[in-house]
Amino acid sequence: MPPESSEHAPQAGNSASYASAGVDIEAGDRAVELMKEWVKKTRRPEVLGGLGGFAGLFDASALKRYERPLLASATDGVGTKVDLARKMGVYDTIGHDLVGMVVDDLVVCGAEPLFMTDYICVGKVHPERVAAIVKGIAEGCVLAGCALVGGETAEHPGLLGEDDFDVAGAGTGVVEYDQLLGADRIRKGDAVIAMASSGLHSNGYSLVRHVVFDRAGWSLDREVEEFGRTLGEELLEPTKIYSLDCLAVTRTTQVHAFSHITGGGLANNLGRVIPEHLHATVDRSTWTPGAVFDLVGKTGNVEQLELEKTLNMGVGMMAVVPEESVDVTLSVLADRGVDAWIAGEITERGEHREGATLTGTYSR
């Protein structure tokens, strides 16, 4: 038999390694060390162990105070907003967006967020950059009252550019069975209360980027008079986190349902919590959308209905409450610094096909 070809045999001093394939384990270890101080800030009494284990531990005996605890889970990302963070070199706000997208889905059913885990995928580990992302996630968890019990940083050389990254997260919450919120609680005559968004939040950025970059040709450092700051600063404004505000309302007065206004727009998301025999009418004249929504519409010649089914139009969360709970709800939210107002009402479904519709004209 002829000798085996040496064409692919390892050459002395030229052996393959994980590092030569593009994965830097030492950089990953340094990133973990840098993020530890931020993760500690999110610690709740139920959390056991520290960062670096194979699994995050949460003491479930804390749930014994519940008669019939229901665990709620949610997972999400922040979409193409990460591209703006990368281009601006700002990494400590995108975590707020991630936490908001997850925990405010949990609170819709009345669940208290307990803990989160994150997943950060990068083309190359830059320890300080990864730590900044985790810092933002940790700060968001503090605002939401939940713990960050673990996560994963994955390096994907060859699949992502050295500066490319994406983030995702998952959260778990708990709600008492007889306090579960949703469509079955909603009644005719209930009021719909809107809570103002901090801006675009984390939805519709593919449309926004197409309008301001591809069509208008604007740069991120462009000063925009209507914003009082640069375009990039406006677009990176972190998502408002409502979980503790919503929980404060549930503990103070009656609430029948919440709706987190994310992808799909206001009417579509509100309609998801409306029972089939009822209908939510939201009056546009009760608020003025922020300047960024008007700018996207006018600059891109985007029709109003297209904007409304893509962006939150200035409303990040909605609550459906009985009429007698309106004043207390508004008072609690005002005390917590949340801009909120009566935006609509619940009526019979009648001839409406959708669960919710917008009427009137936005206030200017």
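Reader: What makes β11 and β13 paired strands?

Author: Two strands pair if there are at least two bridges between them. In this predicted model, five bridges join β11 (residues 278-283) to β13 (residues 340-348). The cut-off is at least two, so β11 and β13 count as paired, and they run antiparallel.

Reader: Which residue in β13 is the bridge partner of Thr281?

Author: The partner of Thr281 is Glu345.

Reader: What sheet do these strands belong to, and in what order do its strands lie?

Author: Six strands form an open sheet, ordered β10-β12-β7-β13-β11-β14. The pairing is mixed.

Reader: Why are β10 and β14 said to stand at the edges?

Author: Each has a single partner strand, so one side of β10 (257-260) and one side of β14 (356-359) lack a neighbour in the sheet. From one strand to the next, the twist averages 25°.

Reader: What is the order in the sheet with four strands?

Author: The order is β3-β6-β4-β5. This sheet is open, with mixed pairing. Here β3 (69-77) and β5 (147-155) stand at the edges, because each has a single partner strand. The twist averages 15° from one strand to the next.

Reader: How do you know that β4 and β6 pair?

Author: Count the bridges. Strand β4 (residues 112-122) and β6 have 10 bridges between them, in the antiparallel sense. Pairing takes at least two, so β4 and β6 qualify. One example is Asp118, whose bridge partner in β6 is Gly169.

Reader: Which strands does helix α3 touch?

Author: Helix α3 (residues 94-106) packs on the sheet and touches β3, β4 and β6. Its direction makes about 145° with that of β3.

Reader: What is the volume of the second largest pocket, and which residues are closest to its centre?

Author: The volume is about 320 Å³. Lining this pocket are 16 residues, and the closest to its centre are Gly110, Val175, Gln179, Thr250 and Arg251. Both β6 (165-176) and α7 (243-252) supply at least two residues of the lining.

Reader: How do the lining residues of that pocket divide?

Author: Six are nonpolar, six polar and four charged.

Reader: How confident is the prediction, and where is the pLDDT below 50?

Author: The mean pLDDT is 90, and 88% of the residues reach 70 or more. Over residues 1-9 the pLDDT is below 50. Beyond near neighbours in sequence, that stretch has one contact in the model.

Note on methods
Residues are numbered from 1 along each chain as its sequence is written. This is a predicted model: local features need pLDDT of at least 70, side-chain atom pairs count only at pLDDT 80 or more; totals for chains, interfaces and linings use all residues. Side-chain values use heavy atoms; hydrogens and water are left out. On a 1 Å grid over the protein atoms alone, a cavity is a set of points where a 1.4 Å probe fits but cannot get out, and a pocket is an open set with protein on both sides within 12 Å along at least five of seven lines; lining residues have an atom within 4 Å of a point. Grid points are joined across faces, edges and corners, and a volume is the space filled by probe spheres set on the points. Ala, Val, Leu, Ile, Met, Phe, Trp, Tyr, Cys and Pro count as nonpolar, Asp, Glu, Lys and Arg as charged, and the others, Gly among them, as polar. Axes are lines fitted to C-alpha atoms, for helices over the stretch in contact, and angles run from 0 to 180 degrees between N-to-C directions. Contact means heavy atoms within 4.5 Å. pLDDT is the predictor's confidence in each residue, from 0 to 100.
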